[in-house]
Amino acid sequence: MAEIMQKKKPSFSLYRHCSVLLLLSTIFSSVRAFDYADALSKSLLYFEAQRSGRLPYNQRVTWRDHSGLTDGLEQGVDLVGGYYDAGDHVKFGLPMAFTVTMLSWGVIEYGEEISYVGEMEHAFEAIKWGTDYFIKAHTSPNVLWAEVGDGDTDHYCWQRPEDMTTSRQAFKIDENNPGSDLAGETAAAMAAASIVFRKNNPHYSHLLLHHAQELFEFGEKYRGKYDNSVGEVKSYYASVSGYEDELLWAALWLYKATDNEEYLKYVINNANSFGGIGWAITEFSWDVKFAGLQIIASKLLQEKKHKEHSHVLEQYRSKAEHYICSCLNKNNNSNNVERTPGGLLYVRQWNNMQYVSTSAFLLTVYSDFLQKSNQKISCQGGIVDHIELFNFAKSQVDYILGLNPRNMSYLVGFGPNYPIRVHHRGASIVSYRENKGFIGCTQGYDYWYNRDEPNPNILIGALVGGPDNQDNFEDDRANYVQTEACTYNTAPLVGIFAKLNVLNNPPLIASF
């Protein structure tokens, strides 16, 4: 696993905006404060519950045990490891890669804040558990294993991962069966992770970058949507947005990792034809990368060396700010994101919290950009400064943690009131370490799925799908639309929790 980074005194740069931190902490002192350090620790713990493969000696989620130890065996390749994406046991490459990209981005932006809490080691481990698997899955330059398991057969059974009897067939993309979106997102994840490990594990960082570059070249040369090549994924993680956003996204992360102008030129030259400066999007997710891409491109405007590309970068920024204004409900048209009566962003019924956590992260990052560059946003509904933007992002995080009409935390295990019947096979059945007796495919449904009792294992740090558009939530294991959690729900919160902890800790600011 990643090298241990000891808890240390924060560096000077952590307080580069101390006056604003002091101002904001004063503003927030009169409202409800949460233990964001605890939320951060719990969010990182969740990824250990989602691990597939042989668990390490320092595994902290003790109700889990080894699983999926023969993954890839039928195909003659080692695909042991990686993450289960949600409450089932299929390993889907696209959402797993997006999860790792977002974890890495959080560390890149807020690594010092994460280190201050003493959680950097766990952040490294969460990222590396994914990237170790991607290295295995990328068996040759133009081959990437896209999925292990079959969603249809998996959903027939309610079993612990340690008892799996369902198909573990693996599916791949290659020259004849392209998947530019999957290759692009995996390249982005490995490029972002290479930045994370550059200082503490340079050899591993270099290895990740090598894989990222090969995957980008593969995705660019053999273009196509991965769900056309791997039909089994269409019912679960279909690539609705196409592959263009992932290719731009991968190129931009590779530019950040290498400083190679060729990658930036790719982002500039394909900005129009790939929709980077054409699509005004109101969501950011495992499928749709445009908003994240546009925000990173906007940040490049701070650097003088990008002046020759400023015309195109400004167009990226225009679309980024359309996304931000839509979240703030300050676009004078129908392109605003709906909100619940309690103030939560509401994009769609199924697993809405994924869009809330990604929005909160992007708005926080852009608030930092505005603060650093001393700029404001001009929305159709008015001028927005970095404080207003950050306040709104914080409101979404606080809603998640319990400041909502139900006084419920949607981050499992946080606070006194949280979902106790999460739609999750492993959490809802007695722990394998407590009872190693085999639980069959339908036996899990018969004895565990329909129980009214709380889950025997708490899925700490999981962000569930959340309430409906009226702030209503039914804590029912069968209500998977609201009670299932996913890795990409929690991943964007890691960096925000760390930033909020520093902001909400007056002794830190006073010590400066």
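Trainee: Does Leu-389 count as buried or exposed, and at what relative accessibility?

Mentor: Before answering, note that this is a predicted model, in which local features need pLDDT of at least 70 and side-chain atom pairs count only at pLDDT 80 or more, while totals for chains, interfaces and linings use all residues. Residues are numbered from 1 along each chain as its sequence is written, and side-chain values use heavy atoms, leaving out hydrogens and water. Buried means under 20% relative accessible area, exposed over 50%, and partly exposed in between, with a 1.4 Å probe and protein chains only. Leu-389 therefore counts as buried, its relative accessibility being 0%.

Trainee: In which helix is Leu-389 found, and which residues does Leu-389 touch?

Mentor: Helices are DSSP runs of H or I with at least four residues, numbered from the N terminus, and Leu-389 is found in α15. Contact means heavy atoms within 4.5 Å. Not counting residues up to four places away in sequence, Leu-389 touches Ile-324, Leu-328, Leu-363, Tyr-366, Ser-367, Leu-370, Ile-377 and Val-384.

Trainee: How many of the residues of α2 are buried, and which helices do those buried residues pack against?

Mentor: Helix α2 is mostly covered, with 12 of its 14 residues buried, among them Leu-40, Tyr-46 and Phe-47. These buried residues pack against α3, α4, α15, α19 and α20.

Trainee: How far apart are the end C-alpha atoms of α2?

Mentor: The expected span of a helix is 1.5 Å times one less than its number of residues. For the 14 residues of α2, residues 36-49, this gives 20 Å, and the end C-alpha atoms agree because they are apart by 20 Å.

Trainee: At what angle do α6 and α7 pack, and are they roughly parallel or antiparallel?

Mentor: Axes are lines fitted to C-alpha atoms, for helices over the stretch in contact, and angles run from 0 to 180 degrees between N-to-C directions. The axes of α6 and α7 are 8 Å apart and the angle is about 160°. Angles under 35 degrees count as roughly parallel, over 145 as roughly antiparallel, 65 to 115 as roughly perpendicular and the rest as oblique, so α6 and α7 are roughly antiparallel.

Trainee: Where does Asp-259 lie, and what is its phi near?

Mentor: Asp-259 lies in the loop between α10 and α11 and is partly exposed, with a relative accessible area of 46%. Most residues other than glycine have a negative phi. Asp-259, however, has a positive phi, near 60°.

Key:
Helix = DSSP H or I, 4+ residues; strand = E, 2+ residues; numbered from the N terminus.
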